[in-house]
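Open your viewer and get ready to select a few residues. We will go from stop to stop and see what is there.

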Amino acid sequence: MNKTLVATALFGLLSVSSAQAATVMGFKVGGDIWNTDASGTFNADSNAGNATGPAQNYDYGSKTQGSVWLAIEHPIPLVPNIKIRENRLEASGSKDSSGFYYNQVNFTGASTVYNDLSNTDFVLYYEILDNDLVALDLGAAYKQMHGSLRVDGFTGSGLTRTATQRDIDSGVVMAYGSAQVGVPGLGLFAFADVMLGVDESGVHDYSAGLGWQFDGVALDTLVRVGYRDFNFDVNGFSNTTQDMQFKGAFAGVELIF
């Protein structure tokens, strides 16, 4: 399915003005620290070529990751708001023995895999509701991957150490939704953010949790804690087939100008 046509259709469905849209130009900047547990597999090549072979299991460790973002909201009818979020996602795992082809290299001894699934989200959305009790944003996004899958290990009968990698640099069209339910007067709110793959249905990125908003004269400050889950189950994506998951608790701050 053509990604451009899918994205255009999603944006068209949401191209309606909302009575709750922002009345002045606003900016949001924020960042999260995310303690992830990574798990999953990637598929080797069936031979010295690039055909899909058996799945390879590694024991991935926990790691602290991070996300930063900028959102711009405005009162212009029909024109969506924009959010750009950078996500750092890396995992590595090792095992004592290997027996598979990857990227035309035959690994036969101990090996380590470095799986970098870092990405940038480009989100266009509309404010459907925006009040002290309920807020709802709907839109579409494009998750641009800019990582790699690298294997470092021993090859051949002489056990020569070799490293090879494939870049993961394709993108995923996604549906986007963000909801928030607050307690008026207390600054406490619950939230959920969801991104679901359209052309790659095995990709999702969602988070949910609690937050507190502190109103100020020049800006408002939001403190958030919650749980986030990123799943990347793809077949032949940037010449890689894998099923990886990053999940865990996060904490972050957002500033609203």
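**A short tour**

Select Asp121 and Asn87: their side chains make a polar contact of 2.9 Å (a pair of N or O atoms within 3.5 Å; within protein, one must be able to donate a hydrogen and the other to accept it, and residues adjacent in sequence count only if both atoms are side-chain atoms). This is a predicted model, where local features need pLDDT of at least 70 and side-chain atom pairs count only at pLDDT 80 or more, while totals for chains, interfaces and linings use all residues. Residues are numbered from 1 along each chain as its sequence is written, and side-chain values use heavy atoms, leaving out hydrogens and water.

Stay with Asp121: is this residue buried or exposed? Asp121 is buried, at 0% relative accessible area (buried is under 20%, exposed over 50%, partly exposed in between, with a 1.4 Å probe and protein chains only).

Next, look for rings. The structure has nine aromatic pairs (rings of Phe, Tyr and Trp, the last by its six-membered ring, with centres within 6.5 Å; planes under 30 degrees apart are stacked, over 60 edge-to-face, the rest tilted). Select Phe189 and Phe191: their planes stand at 55° and their centres are 6.2 Å apart, so this pair is tilted. Now try Phe230 and Phe232, a stacked pair with 25° between the planes and 6.1 Å from centre to centre. Both Phe230 and Phe232 are buried.

For the last stop, select Phe42, Tyr58, Phe100, Tyr102 and Phe107, which ring pairs link into a cluster.
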